[in-house]
Amino acid sequence: MAFSPRSAPRFASRLLAGLLMLGVSLAPAFANSVQEAEQLLRQKQPQQALEKIDAFLAQRPRDPQGRFFKGLILTELGKIPEATSVFQKLTEDYPELPEPYNNLAVLYAQQKQYEKAKTALEMAIRTHPSYAVAHENLGDIYARMATQAYDRALQLDSSNAGAQSKLNLIREMVSNGARGQHRPSALAQVTPTPQPPAAAAPAAKPADAPKPPAPAPQVAAPAPTPAKPAPAAAQPSAPQAAPAVPVKAAVQAPPADALPEAELSRTVEDWASAWSRKDVKGYLGHYAADFKVPDGKSRSAWESDRRVRIEKPGAIEVKVESFRIKPAGTDRADVSFRQHYRSVGLKTSATKTLTLVKRDGRWLIQQERVGG
């Protein structure tokens with residue numbers, strides 16, 4: 001099975017604004033730099049786009065949008081190890097974001113590293129349970145793994161009629177669905193969408209394949225949707241050994257003048273999720289450099305204390321609900337919510353308020369207090 005990093009799959013109305021979920025708000029000068037790089041990439045000038053985005057990152061090295069976009073450009077250039085490194089580092093620096101995990105899974109799948117792809121997609125879903133694209137992609141990975149297992153069973157016992165029947169059923173099911181949807185025959189990385197909010201999603205012509213893709217037996221093929229014409233030249237097709245349904249990802253910057261309440265709520269949910277996973281690095285990464293440490297402690301002493309508490313043996317469960325958001329401009333807000341905490345020997349519920357500030361495109365905790 002071969003995967004082409006340059007083929008762009010059709011994703012119709014299910015396009016996700018990946019960078020909208022990243023919570024990026026760029027100053028005009030920086031936004032123009034990213035837009036220029038995007039335009040160069042759409043004009044099939046990836047090397048020039050890379051030079052433009054590198055110049056942008058020289059000024060804002062931690063910017064998640066610029067780094068995410070660099071990963072897309074490197075993928076387009078076929079520099080898979082470098083692109084993998086970019087997305088891997090993003091998952092380390094921004095563990096609460098699902099999109100880098102999803103794109104990392106794309107690259108692993110292209111290299112037939114399905115276990116790694118599965119793990120990356122599971123992390124994407126853990127950080128954002130409603131991320132539909134990651135759920136679909138995980139199903140496709142399971143499908144490929146199931147096909148390999150059936151093939152192996154038949155190699156060991158060619159008379160195994162059950163394995164042959166299941167394998168044929170999978171191929172027939174997805175063959176019908178894939179033809180109806182005109183999906184490409186490679187697990188692929190999507191290049192960025194245009195900046196205007198109402199931009200149409202691009203579509204790619206599917207490459208010829210020697211045999212249909214293979215999803216997991218229990219997954220039904222999705223309903224067909226009509227394809228839209230691609231705005232750019234057709235992507236080159238790569239030789240296919242055993243195609244699969246495409247993995248999807250997309251980037252699009254959000255409006256810079258609105259306070260995104262859903263984004264604020266999600267930031268708190270991601271913070272609680274990292275706490276529940278006992279992911280100390282992800283948890284502490286939600287706090288701003290000027291966080292007001294309680295009880296007069298130093299920042300290092302407070303972080304050490306939090307690390308000891310979180311890493312002690314036993315499961316932790318933190319749930320948050322009933323959000324109330326009080327904005328103070330476009331880069332500051334108080335988020336109050338009900339927190340339910342459970343660990344070994346302790347169960348509490350309380351109202352908590354976090355003061356969030358926006359720094360380099362991310363919402364971070366500046367102050368934390370119990371009560372409204």
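Colleague: Which residues in helix 4 meet helix 5?
Modeller: Pro64, Arg67, Phe68, Gly71, Leu72, Leu74 and Thr75 in helix 4 meet Ile80, Glu82, Ala83, Val86, Phe87, Lys89, Leu90 and Asp93 in helix 5; contact means heavy atoms within 4.5 Å. This is a predicted model, in which local features need pLDDT of at least 70 and side-chain atom pairs count only at pLDDT 80 or more, while totals for chains, interfaces and linings use all residues. Residues are numbered from 1 along each chain as its sequence is written, and side-chain values use heavy atoms, with hydrogens and water left out.

Colleague: At what angle do helix 4 and helix 5 pack?
Modeller: Helix 4 (residues 64–76) packs against helix 5 (residues 80–93) at about 155°, and their axes are 8 Å apart. Helix 4 is therefore roughly antiparallel to helix 5 (the term applies to angles over 145 degrees). Axes are lines fitted to C-alpha atoms, for helices over the stretch in contact, and angles run from 0 to 180 degrees between N-to-C directions. Helices (H or I, at least four residues) and strands (E, at least two) are DSSP runs, numbered from the N terminus.

Colleague: Is Leu72 buried or exposed?
Modeller: Leu72 counts as buried because its relative accessibility is 3%; buried means under 20% relative accessible area with a 1.4 Å probe, protein chains only. Leu72 belongs to helix 4. Its C-alpha atom is 9.6 Å from that of Pro46, which is 26 residues away along the chain.

Colleague: Changing topic, in what order do the strands of the sheet run?
Modeller: The open sheet has 4 strands in the order 1-2-3-4, with antiparallel pairing. Strand 1 and strand 4 (362–370) are the edge strands, each pairing on one side only. From one strand to the next, the twist averages 30°. Two strands pair if DSSP finds at least two bridges between them.

Colleague: How many bridges join strand 1 and strand 2?
Modeller: Strand 1 (residues 316–327) and strand 2 (residues 332–343) pair over 10 bridges in the antiparallel sense. Lys319 stands opposite His340 of strand 2. The hairpin of these strands has 4 residues between them, and there Gly329 takes a positive phi near 95°.

Colleague: And which residue stands opposite Phe337?
Modeller: Lys352 in strand 3 stands opposite Phe337. Strand 2 and strand 3 (residues 346–359) pair over 12 bridges, again in the antiparallel sense.

How values were computed:
Buried < 20%, exposed > 50% of the residue type's maximum accessible area, 1.4 Å probe, protein only. Parallel < 35°, antiparallel > 145°, perpendicular 65-115°, else oblique.
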